[in-house]
Number of protein chains: 2
Amino acid sequence: MSPIQFAIIDSTLREGEQFCKANFSSDDKVEIARELDAFGVEYIEVTSPCASPQSFRDCQHLAQLGLQSKLLTHIRCHLEDAKKALDTGVNGINLFFGTSSLLREFGHGKNIDQIVAMATEVITFIHQQSPLIELRFSTEDSFRSSFSDLLRVYLAIDRLGIITRFGIADTVGVATPNQVFNLVQTLRQCTDTDIEFHGHNDTGCAIANSYAALEAGATHIDTTVLGIGERNGITPLAGLISRLYTLDPEQLARKYRLHQLLPLHQLVAARVGISIPMDHYIIGEAAFTHKAGVHTQAILNNPKTYEAIDPGDFGLKRSFLINHKLTGKHAIA
Amino acid sequence: MSPIQFAIIDSTLREGEQFCKANFSSDDKVEIARELDAFGVEYIEVTSPCASPQSFRDCQHLAQLGLQSKLLTHIRCHLEDAKKALDTGVNGINLFFGTSSLLREFGHGKNIDQIVAMATEVITFIHQQSPLIELRFSTEDSFRSSFSDLLRVYLAIDRLGIITRFGIADTVGVATPNQVFNLVQTLRQCTDTDIEFHGHNDTGCAIANSYAALEAGATHIDTTVLGIGERNGITPLAGLISRLYTLDPEQLARKYRLHQLLPLHQLVAARVGISIPMDHYIIGEAAFTHKAGVHTQAILNNPKTYEAIDPGDFGLKRSFLINHKLTGKHAIA
Ligand SMILES: O=C(O)CCC(=O)C(=O)O
Ligand SMILES: O=C(O)CCC(=O)C(=O)O
Ligand SMILES: [Cu+2]
Ligand SMILES: [Cu+2]
């Protein structure tokens with residue numbers, strides 16, 4: 001899997017807004033979008049224009065900034081949502097529909113035929129209004145949906161010949177890497193359409209699942225800065241970057257401006273009003289801090305001994321803790 | 001994979017001491033060991049008695065507490081380390097030796113034959129002194145070691161017929177779940193000895209890798225509370241618990257006292273001097289906080305719609321954020 005073949009859809013301004021502490025002002029959104037663009041994510045997903053009149057104006061304004069990153073918004077399969085989204089001037093629209101029996105029974109209440117019919121109506125409508133817009137269709141809670149329900153929906157939508165990309169969503173964060181691999185691989189065998197993966201982190205597998213999706217042929221991965229989102233969030237951008245970095249650092253450095261990772265995270269943390277967790281990937285304070293005596297001594301000989309990531313590639317420095325009880329002549333760990 | 005068949009080796013008092021902020025007093029160690037025991041981890045690993053005279057006394061004292069959890073210490077393959085460890089009265093000794101070419105060249109400087117010879121000497125010595133002690137041998141930096149070097153070392157040690165358990169260590173956190181699965185599976189095919197996995201989290205795969213190890217037949221997983229350890233740490237205990245919980249909640253509840261998870265984390269956070277990260281697995285403030293309107297409405301109908309984990313099983317409660325801009329009649333996400 002070569003990182004050149006995939007794109008990041010950063011959803012800090014959509015999924016991230018669903019994080020309990022996040023409440024972005026219009027100015028925050030512009031600042032964050034510009035920093036995401038400076039880092040080089042291929043797509044920025046923003047909250048539905050139907051959430052509020054302010055959200056409509058923000059979406060419209062962000063679409064006019066002229067960023068390199070393409071702007072997406074995220075709406076339900078409803079005609080009125082689609083009309084509003086089309087009025088914002090975004091580059092693409094991410095549609096979703098819950099397909100698990102739980103969401104069908106206790107959420108929207110539709111059966112599979114109704115889901116296909118509603119999605120078809122909205123997709124066809126959007127395509128008629130704006131034939132060039134990128135259109136993605138995603139099944140919410142894909143991993144608690146039956147395989148046959150998923151395939152029925154995806155195949156029916158694929159036949160329309162309109163969709164640019166399918167989405168797979170681990171909405172409650174239960175999938176294992178093997179489950180993600182299998183579902184993406186099956187979908188990959190059924191269609192040539194691009195595949196996006198969106199993974200929640202409730203059981204700690206969001207990064208590994210995103211990577212498994214890429215291994216199986218997915219083309220787009222959803223992230224947020226610091227992983228913020230509903231509950232404990234989704235694949236953190238820096239985590240996905242760290243995962244891909246160790247496999248091919250040169251390609252990743254060509255694709256993204258890695259020195260922008262820290263300022264981007266500092267901005268989002270400040271606007272959310274939290275500090276960057278010490279143990280966060282790459283940009284956390286502890287990420288390049290070495291403590292045990294055996295480690296610090298070997299690192300002085302060659303940093304690669306206890307570092308898989310070169311902090312210099314991200315404009316960062318390593319640090320050593322000395323004069324504590326695990327250092328010294330009989331350093332032990 | 002049934003959770004009944006594996007054991008947790010919690011290393012908060014060894015790997016966790018290598019976290020930059022951690023500096024446990026003798027009293028802290030006793031308190032933490034008792035809380036780990038109350039939660040029900042099968043093993044507690046503590047810092048080498050060779051680190052300092054205080055560390056020797058702490059190890060000895062912890063071994064005398066009469067905990068249900070077995071006490072392990074972690075030492076280099078050196079005779080003097082082994083003698084000290086034997087004097088502490090621990091239930092088991094975890095030995096390790098770096099096998100990657102980086103550690104051989106820039107760390108300890110030994111070749112594979114010398115590694116086997118030194119390990120054999122120490123293992124044989126310990127066994128003579130204390131035939132019933134649990135003995136584990138681990139290859140440090142296993143995933144940057146050549147497959148043939150690893151197998152040469154493991155097979156030579158296995159032939160001694162003394163070792164209780166082999167360890168595999170992703171020391172710099174580079175392994176992918178597939179790599180872990182393959183290495184554990186190969187080792188599983190070569191020996192009936194138990195297999196322990198220790199995974200760092202630099203690239204965000206520690207939890208998924210631990211789970212892949214179990215899927216491939218590993219029997220023991222290393223964790224620390226809050227994942228604390230060198231750099232950004234290892235598999236967090238609550239993360240492993242969340243991963244296993246969604247696959248078989250009843251078995252997990254029989255095996256561990258899940259209501260003790262929060263007090264254990266509160267204690268360790270207080271003694272390290274950090275707060276529990278908001279987005280931490282299960283016990284973080286955000287873990288059961290629901291925000292988007294569609295989510296909160298469906299949760300009121302049936303919490304399973306947007307929750308894979310029942311907070312009640314851990315003595316916790318869910319919460320709802322209302323009156324923000326993503327709720328309301330036109331709730332959208
Ligand atoms: O539209 C999607 O793919 C994902 C929606 C969402 O946030 C989720 O299902 O967790
Ligand atoms: O002894 C072990 O298995 C692990 C040692 C360690 O902390 C590591 O290699 O990261
Ligand atoms: Cu989501
Ligand atoms: Cu370690």
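Donors, in what follows, are N, O and S atoms within 2.8 Å of the metal (3.2 Å for Na, K and Ca), and since water is not among the atoms, sites may look incomplete. Good morning, colleagues. The model is predicted, so local features need pLDDT of at least 70 and side-chain atom pairs count only at pLDDT 80 or more, while totals for chains, interfaces and linings use all residues. Residues are numbered from 1 along each chain as its sequence is written, chains are lettered from A and ligands numbered from 1 in the order in which they are written, and side-chain values use heavy atoms, with hydrogens and water left out.

I begin with the metal sites. Glu15(B) sits in the loop between strand E1 (7–13) and helix H1 (26–39) of chain B, and His200(B) in the loop between strand E7 (194–199) and helix H8 (206–215) of chain B, so the pair ties together parts that are 185 residues apart in sequence. Helices here are DSSP runs of H or I with at least four residues, strands are runs of E with at least two, and both are numbered from the N terminus. Buried means under 20% relative accessible area, exposed means over 50%, and partly exposed lies in between (1.4 Å probe, protein chains only).

Chain A holds the copper ion (ligand 3), which is coordinated by Glu15(A) (OE), His198(A) (NE2) and His200(A) (NE2) at 2.0 to 2.1 Å. The sequence spacing of its donor residues is E-x182-H-x1-H. Here Glu15(A) and His200(A) link distant parts of the chain, 185 residues apart. Glu15(A) is buried, with a relative accessible area of 2%, and His200(A) is buried as well, with 4%.

I turn now to the fold. In chain B, eight strands close into a barrel in the order E1-E2-E3-E4-E5-E6-E7-E8, with parallel pairing. The twist from one strand to the next averages 25°. Two strands pair if DSSP finds at least two bridges between them. Strand E2 (residues 43–46) and strand E3 (residues 70–76) of chain B run parallel and are joined by four bridges; within this pairing, Ile44(B) has Leu71(B) as its bridge partner in E3(B). Helix H5 (residues 112–129) of chain B lies across strand E4 (92–98) and strand E5 (134–140), at about 170° to E4(B). Helix H9 (residues 237–247) of chain B also packs on the sheet, touching E1 and strand E8 (220–223), and its direction makes about 160° with that of E1(B). For these angles, axes are lines fitted to C-alpha atoms, for helices over the stretch in contact, and angles run from 0 to 180 degrees between N-to-C directions. Contact means heavy atoms within 4.5 Å.

In chain A, eight strands likewise close into a barrel with parallel pairing, in the order E1-E2-E3-E4-E5-E6-E7-E8. Four bridges join the parallel strands E5 (residues 134–140) and E6 (residues 165–170) of chain A, and Ser138(A) has Gly167(A) as its bridge partner in E6(A). Helix H7 (residues 177–190) of chain A packs on the sheet, touching E6 and E7, and runs at about 160° to E7(A).

Lys29(B) lies in helix H1 of chain B and is buried at 6% relative accessibility. Leaving aside residues up to four places away in sequence, Lys29(B) touches Leu13(B), Glu17(B), Phe24(B), Asp58(B) and Leu62(B).

Gly204(B) belongs to the loop between E7 and H8 of chain B and is buried at 4% relative accessibility. Which residues does Gly204(B) touch, not counting residues up to four places away in sequence? They are Gly204(A), Ile207(A), Ala208(A) and Tyr281(A). H8(A) is mostly covered, with nine of its ten residues buried; among them are Ile207(A) and Ala208(A). Just after H8(A), Gly217(A) takes a positive phi of about 110°.
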